[in-house]
Structure formats: structure tokens, C-alpha cells
Amino acid sequence: QACIFLPTWGSGAMARAGRNDANAQVMEILAENVVDANGDLVGRNKIQSHNLIALYFSARWCPPCKLFTPVLKEAYAAVRQEYGAAELEVVFVSYDRDAEDWKWYVGQMPWLSIPFHNEYAAAMLKVQYEVSAIPRLVVIDTRGRTIVSNARGGDLFGIGNDALLAYKQIRNNVVDKDAK
């Protein structure tokens, strides 16, 4: 299940400039806009210190998101416990309708976030990854390359799935991309 939206903008806008340029632009957006739980900008070094980054598109008002967020929290903890904190970081990209909902929802999450007031950064990520339904979990590497376009459900992160097996499958996609 997902909360579905009708696209209101062109798809893959950054990609039209070229894949490498779009990937670099994604990493630039993250480096300049991601904050921690205190609202402090974390910067490029913190973002790029992780092997993989999961962009979590979600909202407090979305019932499937409310079900998936605790599953993702458990998976996040399991992966970081098994592989170390540098292995995976999650960045929340909000579809919340107001700052109060965003603030409450992000307070339930142990990871980083794009601030609610930064509509440009969130919109650019939503367009780049053609997000038309939430929850959505896009996994990228530190070069901004898409590793998995949606790591929610199926054999990946989901209710009843083994988080470490799911993560190993995601890591196999990195190996496949590096081989190409």
C-alpha cells in the first residue's frame, strides 16, 4: 500500500542535464541542506562518510508510512549494529503538510532530514527520483548513483523481512553497478 500523488512537475529534471551532473547535484543538495535532530547542518563530510544513503520520502499523515517507519527504524538499527554507523544513513524527505507535523514526525526518527522549510531541496529530490507515491526509500551511493529505486517491500525492507538479508541484497546492487 502507498499514498499516491499525481505528478505536478516534469520527471527527472536534473537527469536531462546528464546522469553524472544529476548525481553530483543530488549530492550537492544533500551536502548543503541535511540537518540532524537538533536542526544543525551536517555538511558534506558527514553525508559522504557513509557507504550508502537512503532517501526516505514519507509523511506523518500517510497510513502506509506510519506502518513502514518503525520497520525502517529497526532495519536502520540492525544494519548499523552489524556493519557500523558509517555503513548506512537515512535522510527523511518530507511530504508533510505543515511544519508541526514534520517536527513531530522527524522527532520519531533516529536519522537525518531535509528541513521542512527547505521546499526547494525536497522538491528537487522528489523530481529527480520521480516520487509519485509514499512511502518510498531510494538508496544511493556517495556519488549520487541510484542503487535501488525503491528499497521498501518485496524482498527488501518490509514487514516480516530480515533487515540484514535485505541490506545484503542492496549491497549486491552496488557491486553490480561498480562492475559495469
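How many salt bridges does a search of the whole structure find? The search finds 5. The legends below cover three of these pairs and the confidence of this predicted model.

**Figure 1. Confidence along the predicted chain.** The average pLDDT of the protein chain is 87. Of the residues, 86% score at least 70.

**Figure 2. The salt bridge between Arg 60 and Asp 101.** The closest N and O atoms are 3.2 Å apart. Arg 60 has a relative accessible area of 27%, so Arg 60 counts as partly exposed.

**Figure 3. The salt bridge between Arg 80 and Glu 89.** Here the closest N and O atoms are 3.4 Å apart. Glu 89 is buried, because its relative accessibility is 3%, and the cut-off for buried is under 20%.

**Figure 4. The salt bridge between Arg 145 and Asp 141.** The two side chains meet at 2.6 Å, N to O. Arg 145 is buried. Asp 141 is buried as well.

Side chains of opposite charge can pair when their charged atoms come close. In the views above, Arg 60 pairs with Asp 101, Arg 80 with Glu 89, and Arg 145 with Asp 141.

Technical notes: Residues are numbered from 1 along each chain as its sequence is written. This is a predicted model: local features need pLDDT of at least 70, side-chain atom pairs count only at pLDDT 80 or more; totals for chains, interfaces and linings use all residues. Side-chain values use heavy atoms; hydrogens and water are left out. pLDDT is the predictor's confidence in each residue, from 0 to 100. A salt bridge is a side-chain nitrogen of Lys or Arg within 4 Å of a carboxyl oxygen of Asp or Glu. Buried means under 20% relative accessible area, exposed over 50%, partly exposed in between (1.4 Å probe, protein chains only).
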